[in-house]
Amino acid sequence: MSDILTENLSGKAVMGSDGTELGMLYNITMDLKTGELADLLVEPDEQLDAGSVAFDADEEGHFQVPVKRVQAVKDYIVVQR
């Protein structure tokens, strides 16, 4: 994957590989020891049934999408479901 500045990802829509709009990118977490990116935190779409999503959620209700599931970053961030 090519390099992308995180400022270009802020507020970008996140979509599943099946076309389901999951929500908007809220934040990105990283492992402080290794510097590797860990998860995308996604603010769920209001119309999405959270029970239909297999990703874990944090205490604030954001989906925790592992960075390794990112397939593409263009108009949307596309993640494998």
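Colleague: Hi! How many positive and negative side chains does the chain have, and how far apart are the centres of the two sets?

Modeller: There are 6 positive and 16 negative side chains, with the centres of the two sets 9 Å apart. Lys and Arg count as positive and Asp and Glu as negative, while His and the chain ends are not counted. Each charge is placed at NZ of Lys, CZ of Arg, CG of Asp or CD of Glu.

Colleague: And what am I looking at here?

Modeller: This is a predicted model, where local features need pLDDT of at least 70, side-chain atom pairs count only at pLDDT 80 or more, and totals for chains, interfaces and linings use all residues. Residues are numbered from 1 along each chain as its sequence is written, and side-chain values use heavy atoms, leaving out hydrogens and water.

Colleague: Great. How many helices and strands are there?

Modeller: The chain has zero helices and seven strands. Both are DSSP runs numbered from the N terminus: helices are H or I with at least four residues, strands are E with at least two.

Colleague: Which strand pairs with S1?

Modeller: S1 (residues 13-16) pairs with S2 (residues 21-30) in the antiparallel sense, over three bridges. To count as a pair, two strands need at least two bridges found by DSSP. Met 15 has Glu 21 in S2 as its bridge partner. Four residues lie between the strands of this hairpin, where Gly 19 has a positive phi near 95°.

Colleague: What about S2 and S3, how many bridges there?

Modeller: Six bridges, again antiparallel, with S3 covering residues 37-44. Asn 27 stands opposite Leu 41 in S3. This hairpin has six residues between its strands, and Gly 35 takes a positive phi near 80°.

Colleague: Where do side chains point in a strand?

Modeller: In a regular strand they alternate between the two faces of the sheet.

Colleague: New topic! Where is Ala 54?

Modeller: Ala 54 is in the loop between S3 and S4 (56-57).

Colleague: Buried or exposed?

Modeller: Ala 54 is exposed, because its relative accessible area is 80%. Exposed means over 50%, buried under 20% and partly exposed in between, with a 1.4 Å probe and protein chains only.

Colleague: How far is Ala 54 from Arg 81 in space?

Modeller: Their C-alpha atoms are 7.6 Å apart, although 27 residues separate them in sequence.

Colleague: Last one: what share of the whole chain is buried?

Modeller: Of the 81 residues, 28% count as buried.
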